Every structure is written in structure tokens, then in C-alpha cells.
Amino acid sequence: MTYANWNYPTSISVGEGVVSSLPEHCKKLNICSPLLVTDPFLAKLDVVAEMVSQCQRQNINIEVFCDIQGNPTDLNVNRGIAAYNANAHDGIIAFGGGSSLDAAKAVALCARQTLPLWSFEDVGDNWMQADEAKIAPVIAIPTTAGTGSEVGRASVITDAVNHVKKIVFHPKMLPVQVLLDPKVTVGLPPHITAATGMDALSHSLEAYCAPGYHPMADGIAIESMKLIKHFLYPAFIDGNDINARTQLLVASSMGATAFQKGLGAMHALAHTLGGMYDKHHGLLNAILMPYVLEANRPVIENKMTDLATALALQSQSFDAVHQWVLDMRQVLGIPHTLAEIEINADDAVKIGQLAVNDAAAGGNPIPFSANDYTQLFMHALTGQKTQQ
Ligand SMILES: [Zn+2]
């Protein structure tokens with residue numbers, strides 16, 4: 001079988017059944033004893049058993065570690081590090097949604113370092129403290145099309161003590177090989193397909209709106225949004241649509257490639273709310289999206305006009321993009337307000353303070369204050385200003 005093979009932003013092989021080339025890639029990278037990091041549900045899938053037996057047949061000593069929860073914590077990462085070191089592993093297979101991929105990349109970064117996980121929080125030049133030569137090579141196989149963590153150089157990990165999401169960063173956390181196989185995403189239920197697809201959209205949309213000169217990121221973001229426009233709903237309606245699943249995986253990788261340019265207020269709030277309420281990251285972004293677009297409207301009107309043209313929307317205007325987002329949310333069954341997913345106003349002030357300090361806030365086209373974030377949160381909580 002031949003697959004599409006790309007080398008930007010890292011080495012990516014795309015196609016139905018491409019996971020069966022895992023042993024080949026391990027050999028190419030001199031990985032003889034990988035630790036496959038995933039979650040307990042995915043660990044039971046036939047595809048994992050197949051990957052394990054294929055590797056074993058090629059004398060690759062693979063072990064499965066599956067103690068990873070959604071919104072992974074430092075405790076998950078530390079257990080993964082212990083498993084990695086217990087059996088002298090020499091590489092990581094990251095298999096799963098964003099949570100597993102992020103946890104796996106953090107294990108790869110930290111397993112052989114003398115410094116603990118939070119030493120590499122994405123603050124200043126912290127990453128330079130890592131011994132680069134000791135970072136394990138990662139082969140990433142995403143099972144959802146959303147986070148794009150397979151092409152990212154960072155992980156979002158929850159600090160279990162303070163219930164805050166932190167970003168851990170190192171350029172060498174970028175997986176050396178990515179396998180995009182639509183077959184491993186066909187089992188995703190529609191609501192997860194929707195939420196993860198909207199996460200991918202939020203990455204491209206926020207990257208596109210982020211200030212700064214980066215035409216490459218802007219171009220990738222626009223193409224990714226086109227793919228999502230055409231293929232998210234078909235994949236939501238028919239999970240077995242292999243072409244739609246393939247295109248969404250690619251769009252997701254593209255979204256994460258684009259957001260090296262920056263994210264913004266959707267993610268600043270989604271990280272904050274995810275840490276406090278343990279809600280699905282993509283779902284939070286999907287709910288927040290139209291409210292953030294409205295809040296940024298004064299400075300993104302021109303960009304939205306260009307985007308409306310690229311997406312061939314009914315009119316070339318901010319309103320057309322805004323309406324497209326609302327319509328897309330509606331057909332995908334995404335709630336219109338945060339109140340509908342049992343978030344309340346109790347911590348509104350604290351949420352504003354945490355959001356303004358989130359790393360993603362720096363990419364927002366308007367530098368919102370803590371108070372602005374509180375207000376934005378209240379709009380998304382109650383549906384104020386933005387009509388469905
Ligand atoms: Zn995201």
C-alpha cells in the first residue's frame with residue numbers, strides 16, 4: 001500500500017491502514033523498545049493489540065502504558081515516566097486523543113531529565129534547561145481529529161494540586177513521525193467528532209486572527225478551515241466516511257501547525273474552564289467561539305471579510321463568518337451557552353484572572369484585561385449579546 005508522505009512540519013504519513021507501518025518506522029528511528037502511551041479505553045481496542053503483535057513479530061519489545069485520564073495531570077505523567085524507566089524504553093508511541101498525546105510527549109520530554117515536569121513550564125526560557133539529547137523520540141498516532149498535538153511542540157498538563165492547566169514546552173517534543181490513519185478515528189461517536197473538529201477549527205481561527213506577520217500560518221489556517229467546512233458535518237453524520245475522516249485528520253494537523261503563530265481568548269478561557277470544571281476542551285472552544293469573535297470584532301473585521309471570501313460564504317463580511325460558526329454549532333448539536341454544560345457564575349472573577357494569565361491570551365488580537373475576560377465569560381455563560 002502506498003501512502004502520502006509529507007515532511008512538513010514533521011514527517012507525516014497519511015492513509016487508510018498506515019498504522020500497520022509502525023514497526024517499519026520504529027526500525028527507521030532505531031526504537032527497539034517503545035512504550036505505547038494511551039488511555040484505558042483505547043488500550044482495549046483491536047488496533048492496539050494488532051500494533052503490539054506486529055511490533056513483537058519484528059522483535060520490537062513494545063509495552064503498553066494506559067494510565068492516562070482525560071485532561072491529564074502531572075500524576076499521570078509521573079507514572080508514565082516511572083513505567084518508561086522501569087523497563088529501559090527508548091522511544092514513545094503516543095496513541096490517542098489530545099490527552100494521551102500530550103501526556104506521552106511530556107513523558108518523552110521528562111523521563112530522562114534530572115529536573116521535574118514543571119521545570120519545563122512554558123515560561124521564559126525554561127525549556128533551555130532540558131538536556132535535549134535525553135528527550136525520547138515520539139511516533140504519534142492521533143485517534144481524534146482536533147488537538148493536532150501530533151504536530152505540536154507543547155503539552156497541556158493539569159497541575160493536580162492547584163487545578164490549573166499548564167503548558168510544558170520544548171521544540172524537541174515535536175513527534176519525529178506522525179501516522180494519520182482514518183481507520184482509527186471511525187469509532188468516534190458523533191459528539192466527540194463534533195467537539196474535536198470544532199477544536200481544530202478554533203486553532204485555525206485563532207491563529208488566523210492572532211496579530212503578527214506569518215503568512216505561512218495564515219495560509220495553512222485558511223486551508224484547514226476550508227477542509228473543516230466541507231468535511232466535519234459529513235464525518236459527524238457518517239463516522240465511517242473514510243475520506244471525511246482523512247481530511248479532518250489533516251485539517252487538525254494543519255490547525256496545530258498554524259497556531260505556532262498564536263492562539264487567543266477562546267483558548268485562554270477554555271484552558272481555564274477545563275482546569276476548573278474538567279469539561280471537554282473542544283466543546284468549551286466550540287461554545288466560546290462566537291462570543292470571542294464578537295469581542296474581537298473591532299480589530300478582525302477585515303480578516304473576517306477575507307476569510308468569508310476564502311470559505312465562499314454567502315456574503316463577504318464578519319457577520320457571514322459569525323453566522324457560519326453559529327450554524328455549524330447548531331447542526332453539530334453544540335450547546336449555545338456554558339450554563340448548558342453546568343458551569344456557573346460563582347468563580348467569574350477568578351476565571352477572568354486565570355484567563356488573562358494563560359499563555360494563549362498573548363495571541364489574542366485585543367489584549368483583554370482580567371475584567372474583560374470575566375465579562376466575556378459571562379456573555380458565553382448566559383448567551384448574552386450573541387443570539388443563536
Ligand atoms: Zn485547542
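This is a predicted model: local features need pLDDT of at least 70, side-chain atom pairs count only at pLDDT 80 or more; totals for chains, interfaces and linings use all residues.
**Notebook: Ser253 and the zinc site**

Started with the neighbours of Ser253: leaving aside residues up to four places away in sequence, I find that Ser253 touches Glu150, Val151 and Leu180.

Next I looked up where Ser253 sits. Ser253 belongs to helix H7, which spans residues 242-258. Buried or exposed, I wondered, is Ser253? Its relative accessible area comes out at 4%, so I put Ser253 down as buried, the cut-off being under 20%.

Then I went back to Glu150. I see a polar contact between the side chains of Ser253 and Glu150, at 2.6 Å.

Moved on to the metal. Which residues give the zinc ion its protein donors? I list Asp199 through OD, and His203, His267 and His281 through NE2. These donors lie 2.1 to 2.3 Å from the zinc ion. Along the sequence I read their spacing as D-x3-H-x63-H-x13-H.

I also checked which helices are involved. His203 is in helix H5 (residues 190-209) and His267 is in helix H8 (residues 265-277), so this pair ties together parts 64 residues apart in sequence.

Last, the accessibility of two of the histidines. I have His203 as buried, at 3% relative accessibility. His267 is buried too, at 1%.

Definitions and conventions: Residues are numbered from 1 along each chain as its sequence is written. Side-chain values use heavy atoms; hydrogens and water are left out. Helices (H or I, at least four residues) and strands (E, at least two) are DSSP runs, numbered from the N terminus. Buried means under 20% relative accessible area, exposed over 50%, partly exposed in between (1.4 Å probe, protein chains only). A polar contact is a pair of N or O atoms within 3.5 Å; within protein, one must be able to donate a hydrogen and the other to accept it, and residues adjacent in sequence count only if both atoms are side-chain atoms. Contact means heavy atoms within 4.5 Å. Donors are N, O and S atoms within 2.8 Å of the metal (3.2 Å for Na, K and Ca); water is not among the atoms, so sites may look incomplete.
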